[in-house]
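This report walks through one protein chain, region by region. The sequence and the structure come first, then the notes.

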Amino acid sequence: MITRTGRALRRGCGAVLRAGEWLLGLRGRPLAGVVLLAACGQMVLMALLTREVPEVAASYPDLRIPGLWLLLTTLVLLLGHLLLGVTTVVLARALGGRGGLHRTPSVLAVLAPLSSLPLLLGAFVARPDSTLVLVLQIGGLLVLATQLTRHVALTQNMLWGRALLSVSLALLGEWQLAHASVVQAGVRAGML
């Protein structure tokens with residue numbers, strides 16, 4: 001039993017590291033479309049989870065206003081991810097990193113929505129204060145921490161400990177964003 005669990009964990013960690021290699025292979029390609037698609041997907045899931053779209057749509061008879069609200073909120077979310085990515089690079093440079101931006105903001109803007117996807121989907125089927133939602137949130141944050149730390153360590157040519165320290169602010173921001181959306185969904189659904 002223990003050996004099976006250990007093998008499964010090793011396979012899972014290997015898949016996480018291979019995903020990072022895949023992202024590094026995208027360096028030569030424009031990521032703007034992928035970044036925008038990831039941000040839109042995260043925003044739509046968050047809006048559906050918190051039931052904000054029907055409320056905004058009911059407030060305005062013209063459906064262009066809720067569409068504009070969703071677009072502007074997605075752009076603000078995207079700008080927040082990009083700002084956290086730039087902050088990560090600035091912190092890495094302050095801690096001894098020697099690289100440039102190297103797509104760190106766009107990599108964060110792609111990884112953050114993808115790592116919060118299981119949490120947002122899990123919040124549809126479970127209570128916001130359940131163990132499942134907490135495990136999904138911690139798991140998504142660990143995947144994001146692993147991938148982003150690996151990317152910063154490689155692009156800034158620094159040790160893993162310092163790279164993890166430089167991505168800590170971005171990780172705290174992502175934790176708060178995911179936690180706030182799940183708690184708001186629970187409050188609106190009357191579960192909390």
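## Annotated spans

Residues 69-95 are 96% helix and 0% strand, and their end C-alpha atoms lie 39 Å apart. The model behind these values is predicted. Residues 107-126 are 95% helix, again with 0% strand. There the end C-alpha atoms are 30 Å apart.

Both spans come from a record. The unreviewed UniProt entry carries the annotation "transmembrane region" for residues 31-49, 69-95, 107-126 and 132-153. Such annotations may be inferred rather than shown by experiment.

## Overall build

The protein has seven helices and zero strands. From the N terminus on, the elements read α-α-α-α-α-α-α. The chain holds 192 residues, and 39% of the residues are buried.

The accessible surface comes to about 10,800 Å². Carbon and sulfur atoms account for 71% of that surface. Among contacts between residues at least 6 apart in sequence, 75% join residues at least 24 apart.

## Helix H4

Helix H4 covers residues 64-94, a run of 31 residues. From first C-alpha to last, H4 reaches 45 Å. That is close to the 45 Å expected at 1.5 Å a residue.

Which residues of H4 are buried? They are Pro66, Thr74, Leu77, Leu78, His81, Leu84, Gly85, Thr88, Val89 and Ala92. Just after H4 comes glycine 96, with a positive phi of about 110 degrees.

Serine 115 lies in helix H5. Serine 115 counts as buried because its relative accessibility is 11%, and the cut-off for buried is under 20%. Beyond its neighbours within four places in sequence, serine 115 is in contact with Gly140 and Leu144.

Val44, Leu48, Leu117, Leu121, Phe124, Val125 and Leu132 make a nonpolar surface patch of about 630 Å². Helix H2 (32-50) and helix H5 (104-125) are the elements that give two or more residues to this patch. The largest share, four residues, comes from H5.

Leucine 132 is another member of the patch. Leucine 132 sits in helix H6, residues 131-156. Is leucine 132 buried, exposed or partly exposed? Its relative accessible area is 44%, so leucine 132 is partly exposed.

## The salt bridge

How many salt bridges does a search of the whole structure find? The search finds one. Arginine 127 and aspartate 129 meet through their side chains, at 3.2 Å from N to O. Side chains of opposite charge can pair when their charged atoms come close.

Arginine 127 counts as partly exposed because its relative accessibility is 41%.

## After helix H6

Asparagine 157 is found in the loop between H6 and helix H7 (160-189).

Definitions and conventions. Residues are numbered from 1 along each chain as its sequence is written. This is a predicted model: local features need pLDDT of at least 70, side-chain atom pairs count only at pLDDT 80 or more; totals for chains, interfaces and linings use all residues. Side-chain values use heavy atoms; hydrogens and water are left out. Patches are made of residues with over 30% relative accessible area and no salt bridge: like charges are joined within 9 Å, nonpolar side chains (Val, Leu, Ile, Met, Phe, Trp, Tyr) within 5 Å. Accessible areas come from the Shrake-Rupley method with a 1.4 Å probe; for residues, only the protein chains shown count as cover. A salt bridge is a side-chain nitrogen of Lys or Arg within 4 Å of a carboxyl oxygen of Asp or Glu. Buried means under 20% relative accessible area, exposed over 50%, partly exposed in between (1.4 Å probe, protein chains only). The expected span of a helix is 1.5 Å times one less than its number of residues. Contact means heavy atoms within 4.5 Å.
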